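Dear colleague,

Please find below the structure that I am handing over to you.

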Amino acid sequence: MNVTLDPSRDDLPLMANTSRILVKHYVLDLDVDFESHIIEGTIVLFFEPGNRLKKQSSSFEETCSSESSEVHEFRITEPCPTPVTNTRTFSSKAGYNDFAICGKGKKDTSDKDGNHDNCEQASGISSSQCYCDTGHDGSEDFLLVLDCCDLSVLKVEEVDVAAVPGIEKFTRSPQLPVVSEERRNQIVCELVTLPAHRWREQLDCYARCSQAPGCGELLFATDAWSLQIRKTGAQTVTDFPHAIRIQYRTKPEGRSVSWTSDQNGRPCVYTMGSPINNRALFPCQEPPVAMSTWQATVRAAASFVVLMSGENSAKPTQFQEGYLNWHYYVTMPMPASTFTIAVGSWTEIQPEACSSNTRATENIFPSCEDNFRWAGVCNHVEYPCRFQNVYATTQNIIPHRVFSPLCLGDVCQETLLQLIPHCLSAAHSILGTHPFSRLDVLIVPANFPSLGMARPNKEKTGHTTDLGASVVKHGLNPEKAFLQVHYLKGYFLLRFLAKRFGDETYFSFLRKFVHKFHGQLILSQDFLQMLLENIPEEKRLELSVENILQDWLESSGIPKPLQRERQARPECGLSWQVSAEVTKWIRMNRRPKKRKRRQSQEVFEKLLPDQLVLLLERLLEQKTLHPYTLQSLQQTYHLPEQDAEVRHRWCELIVKHKYTRAYGQVERFLQEDQGMGVYLYGELMVSEDARQQQLAHRCFQLTQEQMDRALAQVVAEMLF
């Protein structure tokens, strides 16, 4: 597969050889350093061989082509500086007593809603050195390929899981007189296939195995998009170690996380939906078919809060003076791209008075396996699924927390805390069981690329090789993240289908679809095929999977069914009200400015936010709006206090009509809503107005250091 790509414009390579071997579980042990903008530590990967167990005879060049003609050397130990942060200690001797983490026989610290307290994890890793190995070209060894970018890999080693005391309690492996590769791999195979009801023991065993000593360093090499690992003499996937530990650190310029400041000016770092997903945060398998679970311990200074997309509400424990441990885990297998982390000086927003209804729903899902009552059979791989628990199926509002910078606490308390229970309840009423046991909501920093959250999926990947490698088409083009056409067409397709079949029929289908396909990877075709199979034939008319895909997903422009609907549909009441208000504003704009007030002065109606967006869009079609009209617009609707969508349209009006008195509002928008501001930069520059162009350059200069990289690249191309 050719991976010689323009890193700013072309396809995103997915290099992992997932057809040969799959990661089943990740254990991360990380430190966050805000001074150096580096996250460092270890990740332990537990593997299961894929469905291709034949001997790997291809060379490295056949596995994945080099980015250039340079030779990649497999390294194993050469003196290299590996400074240790002040928050962790690497030891050449790892005492077995340090392995236990909430071990078997200890008191279970889980609370009743499945949220676990932390137990401190001690890390014992041998000191590392690296050398170049040039005596073996590796052509006969199995090669593990992981997706990796912008990481400094320091050491890779096999983990001696057989050395963990009591490991036989978790597996059926016989006590062999000599510890062998076969026994270690058998232990991992049994560990990753433990039944779902033993998930607590499984997580505990993963944690203890991750702390086990190494039993041999592995050869590794890196290029721009991957990490390749092999073991001399391991010629098949079954011979390759099934548990390996990678010691690494991120780079400050890594594209998976954003080091920035929150709205209070305090430092923070978070995963922001990067086009390269998490491969610059940890080595992983990016193709969505690689569904895995994970657990992570993250250390940070005590002034910071660590949030992750885990199933538990982590409670920090003391690591050392001034530093805290945060532990999260996930038991539902998901693609590595769904792993998220945010570290900052967040404040948890507490409700003024707890609603009795909300509190009641938070405790109706007991976590103890003895209380599970199975409600049916699922079609996904085995895991502790909430759809199989009758308590969870009736939980319309799951436990949830809201975090934000301190300066936004009041508005979150007044609006967001009141809104979330209604949203959760509405989702449950339409879609059924919540797939996750809890929810954390974070008010992200201003540099969040709000239009860039598309993730790789099976539809967007190109040709897949026999090894499982593929590409995400145009995944590296920074401009793709800011095109909304696919989101809009998807919305209108769902709306079109709901109108065609009726809300009752359509929502009933959605519930069935979620129940059937939860926990699985699906395609648009799967959704459409099941929809048409569940709809009476008389309602389908000319609809088929093929013509829906052709009209809505594969053709450019406005789909023909939507055009016909727009032509035939009379204007709705809300839209008609906006049209009437537009007429008033146009009439007012045509009047002389100094005309004396009369009783016939326009009286404007109060409009909803969506109506305001439509109003401003209609007014954008006007060739000229006078300053007094714009001033009246601002005062009538209190536009600076409206939401970002309304303020965006308002800023477009300001720029188009050169309303200089409100330029400060444009500057505020470009600094506080950076993800949406890309369009305004374009408008400011194409106007060829010197003052507006100076405004654009000034705002970019103030924000470019903290701006999302793809956004900054697009804006820079507009400005320079």
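Which residues in H16 meet which residues in H18? Please note that the model is a predicted one. In H16, His648, Cys651, Glu652 and Val655 make the contact, and their counterparts in H18 are Tyr679, Leu680, Glu683 and Leu684. By class, this contact has five nonpolar, one polar and two charged residues. Helix H16 covers residues 644-656 and helix H18 residues 678-686. Their axes come within 10 Å and cross at roughly 5 degrees. An angle under 35 degrees counts as roughly parallel, and H16 and H18 are therefore roughly parallel to each other.

I turn next to a sheet elsewhere in the chain. Eight strands form an open sheet, in the order E8-E7-E11-E3-E2-E14-E17-E16, with mixed pairing. The edge strands are E8 (214-217) and E16 (317-320), each of which pairs on one side only. From one strand to the next, the twist averages 25 degrees.

Strand E7 deserves a separate paragraph. Eight of its nine residues are buried, so E7 is largely enclosed by the rest of the structure. Seven bridges join E7 to E11, and these two strands run antiparallel. Within that pairing, Val156 has Ile246 in E11 as its bridge partner. E7 also pairs with E8 in the antiparallel sense, over two bridges, and Glu157 stands opposite Glu217 in E8.

Finally, there are the nonpolar cores. The largest has 63 residues, and those with the most contacts inside it are Tyr26, Ile229, Ile244, Ile246 and Phe282. Leaving aside neighbours within four places in sequence, Tyr26 is in contact with several residues, including Ile43, Val44, Leu45, Phe282, Trp294 and Ala336. A second, separate core of 47 residues includes Ile586, Leu620, Ala662 and Val715.

With kind regards

Technical notes
Residues are numbered from 1 along each chain as its sequence is written. This is a predicted model: local features need pLDDT of at least 70, side-chain atom pairs count only at pLDDT 80 or more; totals for chains, interfaces and linings use all residues. Side-chain values use heavy atoms; hydrogens and water are left out. Axes are lines fitted to C-alpha atoms, for helices over the stretch in contact, and angles run from 0 to 180 degrees between N-to-C directions. Helices (H or I, at least four residues) and strands (E, at least two) are DSSP runs, numbered from the N terminus. Angles under 35 degrees count as roughly parallel, over 145 as roughly antiparallel, 65 to 115 as roughly perpendicular and the rest as oblique. Contact means heavy atoms within 4.5 Å. Ala, Val, Leu, Ile, Met, Phe, Trp, Tyr, Cys and Pro count as nonpolar, Asp, Glu, Lys and Arg as charged, and the others, Gly among them, as polar. Two strands pair if DSSP finds at least two bridges between them. A nonpolar core is a set of buried Ala, Val, Leu, Ile, Met, Phe, Trp, Tyr and Cys residues joined through side-chain atoms within 4.5 Å. Buried means under 20% relative accessible area, exposed over 50%, partly exposed in between (1.4 Å probe, protein chains only).
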